[in-house]
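Please read this note with the structure open beside you, and look up each residue as it is named.

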Amino acid sequence: MTSTVLDRFRGRILGAGSSSGVRPVIGDWTTSPLGAFTDVMVATADEHRVLLAPSEAVAEYVAATYSFDEVRLCTVVPAADEHEWRLDAGPLRCRIGLGRRTPVGLLLRPVPERVGRSRGFAHLADPVARRLLPGVRTVGSAGGGRREYYGAHDQHHVTSLDGTWEGEPLGDLRPVSPPPRFGFSSTPAAPGLTRVTTTVARVPERH
C-alpha cells in the first residue's frame, strides 16, 4: 500500500488585478519542503498564464501542481512591511499597498492555527468559502493526481498597485477579474493578502 506524503507550505498569498488586465498572484512562503521562497503566477490580459519561479525545484513542483502556458526562471526579490509589498521578479516589478483587516480576516483570527490548517477544517470551510468568495475553494484536485487543501488564517485589503509587466505599466488596481485559472480555486476577486497554510497531499515518486 502506497502512503501519502503531506507537503505543507506556510506563508502568504497576495492577489491583485490591474487596469492593464495583468493579474499577479504572489506566494511568499516562509516554510515549505522547498525551503523559504517567493514565486509569482501571472495571468495576462490575453489569458496567458506565466509562472515566475526562483529555482528549478520550485518551478518543477509548482508546475506539477498548477497549470501554466509558460514557466520562467528568474530572481524573485520581495521586500515587505505592514503597509507595502515591493517585488522585483524578472518581467514584473511592482509596489502594492496594504490596508486594514478584511471582514473575512476578522472571522478567521479567532480560529486556532492548528485547527485552521487541518484538512478537516478545509472540508468544513469549503461551502462557506464558495458562498462568501465566489470562485474560491479550500479543497480540491490539483495536478499530477495531487489533492490540495487551503487553510486561511488572516486577510488584509490590498489598497494600491503600481508597477510594470514586460516594461509596460500595470495601470491602476482593479478586482482580480476574470479569475486566473491556475488551479481548481481562484484568488478572491477583491484584491487582498491572505495568510495561509497550503497542504498538498501526493503519492511519492518511485525511484
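The numbered points below take up the strand pairing, the aromatic rings and one arginine in turn.

1. Basis of the note. This is a predicted model, in which local features need pLDDT of at least 70 and side-chain atom pairs count only at pLDDT 80 or more, while totals for chains, interfaces and linings use all residues. Residues are numbered from 1 along each chain as its sequence is written, and side-chain values use heavy atoms, with hydrogens and water left out.

2. Helices (H or I, at least four residues) and strands (E, at least two) are DSSP runs, numbered from the N terminus, and two strands are said to pair if DSSP finds at least two bridges between them. Strand S11 covers residues 147-165, and it runs antiparallel to strand S14 (residues 192-202), to which 10 bridges join it; in this pairing Arg 147 stands opposite Ala 201. Strand S9 (residues 92-101) also pairs with S11 in the antiparallel sense, over 8 bridges, and here Arg 95 faces Asp 162 of S11.

3. The two hairpins of S11. S10 is joined to S11 by 3 bridges and runs antiparallel to it, with Val 139 opposite Tyr 149. These two strands form a hairpin with 5 residues between them, and Gly 144 in the turn has a positive phi of about 65°. S11 also pairs in the antiparallel sense with strand S12 (residues 168-169), over 2 bridges, and Trp 165 stands opposite Glu 168 there. In that hairpin 2 residues lie between the strands, and Glu 166 takes a positive phi near 55°.

4. Aromatic pairs. Rings of Phe, Tyr and Trp (its six-membered ring) pair if their centres lie within 6.5 Å, and planes under 30 degrees apart count as stacked, over 60 as edge-to-face and the rest as tilted. A search of the whole structure finds 5 aromatic pairs. One of them is the edge-to-face pair of Phe 9 and Trp 29, at 6.0 Å centre to centre with 75° between the planes. This pair links distant parts of the chain, since Phe 9 is in strand S1 (residues 5-15) and Trp 29 is in strand S3 (residues 23-31), 20 residues apart. Phe 9 also forms a tilted pair with Tyr 61, at 5.3 Å centre to centre and 55° between the planes, and here the partners are 52 residues apart, with Tyr 61 in helix H1 (residues 56-65).

5. The aromatic cluster. Phe 9, Trp 29, Phe 37 and Tyr 61 form one aromatic cluster. Buried means under 20% relative accessible area, exposed over 50%, and partly exposed in between (1.4 Å probe, protein chains only). Phe 9 counts as buried because its relative accessible area is 6%, and Tyr 61 is buried with 13%; Trp 29 is buried as well.

6. Where does Arg 146 lie? Its place is in the loop between strand S10 (139-141) and strand S11, and at 14% relative accessibility Arg 146 counts as buried. A charge sits over a ring if NZ of Lys or CZ of Arg is within 6 Å of the ring centre and within 35 degrees of the ring normal. The charged end of Arg 146 sits over the ring of Tyr 61, 4.6 Å from its centre. Taking contact as heavy atoms within 4.5 Å, and not counting residues up to four places away in sequence, Arg 146 touches several residues, including Tyr 61, Ala 64, Gly 140 and Ala 201.
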